Structures are given as C-alpha cells and as structure tokens.
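Here is a briefing on a two-chain model.

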Amino acid sequence: MNQTIKDPEAIPGWGIDANPSNDPAWPIKIRDGARVHSALWNRPPQQAATVEVLVSNEYPHLPAVTGVSSPPSGLSGMLRRWAFRYSESSYGHWLPLMLADRINAFEGIILDVIKGRPPHFMAELGWPAEWRYNRLNLVLRNLLRLVLLAAVIWGIVALCRRHA
Amino acid sequence: MLAMNYRGPLRVRIDEKPMPRILHPEDAIVRVTRSCICGSDLHLYNGSVPDTRPGMTFGHEFTGVVVEIGGDVQKLKVGDHVLVPFNIACGRCVFCQQELYGNCHESNPQATAVGGIFGYSHTGGGHEGGQAEYVRVPYADVGPTVIPDDMDPDDAVLLTDVVPTGYQAAEMGGIQKGDTVVVFGAGPVGIMAARCAWLFGAGRVIVIDELDYRLDFVRRYAPCEAYNFRSMGDPVLFLKKATDWLGADVCIDAVGAEAAGNAMQTLLGRKLFMQGGSATALHWAINSVRKGGVLSIVGVYGPIGTLVPIGNVVNKGITIRANQASVKRLLPRLIEHVRSGVLRPRELITHRIPLEHVSDAYRIFSAKLNHCIKPVLIPPAK
C-alpha cells in the first residue's frame, strides 16, 4: 500500500483550485443579513393547477412550480394523501408512501391488463441484456428461484394432504 | 413522444407519452439530444426512494435543443442547445440567493429537504425527467446553460451532474495542499471526485471499490491508488495502516444507499428498506477519517433514519459537509476546466444505447454488465 503516485504536482491541473480559505468548506452560510434571514422573496408566478399535487405540511404555501407526473389515484393515492398529513420527520409519512409505491406497481399491472397490453416482464426487467452479457448467472438465478418455488408449493401441498 | 416509463422495482420500459406543455411562463420545452442514467437513478429503479410512482419518466442528466419557451423566458431562445443542471431552481428564494441551488424552496411541493430534481420521484418534486424525446424545463432562465460551440456534447451532458457532483465532493472536503483523500466508490462520481481532489492540491488520493474494472479505470484516469475492499479484510484497518495509523485527512462517500460490503447494512437498507439505504461506505468513511478530519458526503440516501456510528463522529471531532451539487454555481469554473482539457469527462462514457432500449440500459448499468461505467441514452434522431 505504498504511495504509488510519486509526483502529484505533475498531474495536469494539480493545485489550480487550491484555496486555503476553503476551510470550512462550502456549503457555508452567506453572512448577509437580508439574504440569510428573509423568508420574503419576490416569488415567481404560481403555476396553475392541472393535476392533484400533494404538498408537504412543512410548507406555508404551494411552491410556485410543481411537477405534474403521475398524480395520486386509486388505493395507492388514498394512502399517499393520508401520508401527507404527517411531516417529513415522521415515519407516518414515509412508510405509507413506500407501501403505496408497491400497491401502485400492482395497480399498474392491472391497468395494463385492462388496457389490453399486459406487461412484458422479461423485457421490462432487462433480461435480454442479461442473456447477452450474464447468461449463466441469469439461468442459475432463475433455476434457484424455480427450485425454491417448487419446494414451497410441495410443502404447502404436503401440509394440506396431512391435514386432510 | 417516446419516454422511459417506470413500472415498479426493477421494471422500466419505453412508452408513448403525451408531449410536455408549457405550464408556467418561465418554462421551456427541450428536445433531448442526450440523457444519461445516473447511479442515483438506480435507487429509484430498485424501489428504495419513497413516493416513486409508476408512470414517471426518470432522467436528470440531459442536454437538448430548446423548441418552445414560455412568455417570461428572456435568456434562452428556440434553437439553443443547452445543458440542463439536474437541480430545478427558481434563483430568487432565500436558498437560491445563497447559491444553494439544490435546495430551492419554489420547485418541490412534496419535500422541503431538497429542491426539485428532474425525474427523481415525487420526493424530488414529481417533475418528468429527460430520458425521453422531450422534457419540460421549469425556470428556464436560471439553470439551462447554452453549450459552447467548441464543447463536445458528451462532455456537456456530464456537466449536468457527474462533474459538478464529483468536483463539489472534493471541494466540500476542504482539501488543502498535501492532504490524503480517500474516496469510497469508483462509479462515475467517485472517479470524478478522485480526479478533482488533485485540482485542490491533494498529496495522495486513494479510491476504494469492489469492481476491478472500475478500479483499473480510475487508477489510469484520476490517476490514483485504487484498492478492492474484497481483498483487504477490514478496509478501515487497511486505510489506517496506509496513513501512518492516523486516518485520512478527508474521506468522501461517493456510494450512497446501494453500498455493498456489510451483510447487516445490505439486509436492513437494500432488502428490507428499514433504513435510508445501506450505509456501509459512510460507516467506513467515518471510521477511516482522522480525528478532526473532514467527511464529504455526496452519496444519496433515503429520507428515513440510517445506522451510522455517530458516536465516532462526536468523539473524533469530524466535520461533515454534504449537499446535492449546486450545479449552476459550479458551471462557469467547470466549463473552463473542460475547455482547457484539465477535465475530460466524456472518457467516462462506456455505453451509448438507443432510448428505445432503456430496459436493457438500466439492467446493464445496475448489474454492472459488460464493464459499464456510464451509459448514455440517445433518443431517435429528429
């Protein structure tokens, strides 16, 4: 583990941004009273609402610009609305959102099927790329999954038979 | 238009989506020319960032041509080829006024901790991302920067995130001449952080990762020492020995939530999602930096609690600096470095993949297939 770069100063650009005053480093508060303390700034115009946007309860008002991707809907949407009753400091905010994400993925599959376009799981998972670059691992991994699934099914069937 | 569409953990596909519209007088619509997949996109892809909704288009590293502008846009015009910082910043709130462009208070309704980010879940504001043919760019007079004529577009697209984040990682370390700097992670940001550490006058730069092909690359590119933690037993002990048993002056966490190397962290952070990611690299960084040293964090973690040895932070008197990169603040200096040839970001690009093959691109990058370091998605030519 000896130092292998013997002459750092020969590296192109060495030290060109060296700055003894960069200590403590950025980010550092700008000690300019007005800019540091004022919660009143010249706000940008407010974007008109076109979709439902959930807002953190740590804001006094809706930020001027909002994203409009994937507004809340369905059961996952109800969970998300509930989560936003809690602050970002609370697990009551984040854990329902994680659960809603999983439910939303399932809702997406159902919606795809209803639309007559069932998801092509292998393509969406990028298996063609794995087949090309990581074939053995892909095959072994899925064989293992199949074996585990078969073992679970066999176990359940055996249990049912015993109780019958 | 064609756009990447997130369907759930590990599932993405290309879909037809409606064209974006001007929704605010300071918006622009940009036709994407290049769009990268970022290491932090993998946190979304793996389902570890709360409020990542199916249907969203990811992508916060992109360049494109302006095709439409809102009524209040003054600095851009239709036809400009721009690089778009990943931060969505208003330029006038109390945080933007302090050049904290990653912490804008007027661009992310869903969370106050971070400003809006293109295509980075609803925790990042619910904005559609650039892994598409077209994208809406809010506050078009603030972030987007016209690409200089003499700049390679591949260099330009990496100035939207990778280069500023790597540079800021080194800057936040407060590196002084002769300092020993340890970078955890040899992904694109870690590689760039190692390269930039020299610009601040580092005396020694060491990179730690588990992938030999990336270690070989950074050893040549930065250039620096690079070691595989799989071959060293305890990385903290290794680094103590390498630094006269004192520890490094500066440690940089350029890994974040997907860190490997510790079974408990992997189980709690990556499998069960019971903490904001696997903090293995952060744990090693805290324990490898010397007393009174500086820890710079640019690795991305989720918003919930994460296990780190905070007692050692107190006992060692460590200074922690961390933030999302403030891209707009850094761009003038970094454009200078790229134009002068001091930084050569495009050498990080290993894969060019048509946007239509976005599912394969995510798999290649996330599973580190075919020696992938940085993939760029190329939308169909118009």
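How many residues of chain A are in contact with how many residues of chain B? The count is 84 residues of chain A and 93 residues of chain B, where contact means heavy atoms within 4.5 Å.

This is a predicted model: local features need pLDDT of at least 70, side-chain atom pairs count only at pLDDT 80 or more, and totals for chains, interfaces and linings use all residues. Residues are numbered from 1 along each chain as its sequence is written, chains are lettered from A and ligands numbered from 1 in the order in which they are written, and side-chain values use heavy atoms, with hydrogens and water left out.

**Interface of chain A and chain B**

- About 7200 Å² is buried between chain A and chain B. Carbon and sulfur atoms give 56% of that area. Buried area is the accessible area (1.4 Å probe) that two parts lose on being put together, summed over both.
- Between chain A and chain B there are 9 salt bridges. A salt bridge is a side-chain nitrogen of Lys or Arg within 4 Å of a carboxyl oxygen of Asp or Glu.
- R43(A) pairs with E106(B) in a salt bridge, with the closest N and O atoms 2.6 Å apart.
- On the side of chain A that touches chain B, α1 (33-37), α3 (91-114), α4 (121-124) and α5 (127-133) of chain A each supply at least two residues. Helices (H or I, at least four residues) and strands (E, at least two) are DSSP runs, numbered from the N terminus.
- α3(A) gives the largest share of that side, 12 residues.
- By class, that side of chain A has 46 nonpolar, 23 polar and 15 charged residues. Ala, Val, Leu, Ile, Met, Phe, Trp, Tyr, Cys and Pro count as nonpolar, Asp, Glu, Lys and Arg as charged, and the others, Gly among them, as polar.

**Cavities and pockets**

- The rule gives 5 cavities of 30 Å³ or more. On a 1 Å grid over the protein atoms alone, a cavity is a set of points where a 1.4 Å probe fits but cannot get out, and a pocket is an open set with protein on both sides within 12 Å along at least five of seven lines; lining residues have an atom within 4 Å of a point.
- The largest cavity has a volume of about 80 Å³. Grid points are joined across faces, edges and corners, and a volume is the space filled by probe spheres set on the points.
- Residues lining the largest cavity include W94(A), L95(A) and M98(A), along with F273(B) and I304(B). The lining has 7 nonpolar, 4 polar and no charged residues.
- The second largest pocket has a volume of about 950 Å³. Its lining has 44 residues, and S69(A), S70(A), K17(B), G55(B) and E128(B) lie nearest its centre.
- α3(A) supplies the largest share of that pocket lining, 5 residues. By class, the lining divides into 16 nonpolar, 15 polar and 13 charged residues.

**Salt bridges over all chains**

- The structure holds 32 salt bridges over all chains.
- E26(B) and R92(B) form a salt bridge, the closest N and O atoms being 2.6 Å apart. E26(B) lies in the loop between β2 and β3 (28-36) of chain B and R92(B) in the loop between β6 (87-88) and β7 (116-117) of chain B, so the pair ties together parts 66 residues apart in sequence.

**Loop and backbone details**

- V53(A) lies in the loop between α1 and α2 of chain A. Leaving aside neighbours within four places in sequence, V53(A) is in contact with L62(A), T66(A), G67(A), P109(B) and Q110(B).
- The peptide bond from W26(A) to P27(A) is cis, with omega near 0 degrees. P27(A) lies in the segment before α1 of chain A.
- A222(B) and P223(B) are joined by a cis peptide bond, with omega about -20 degrees.
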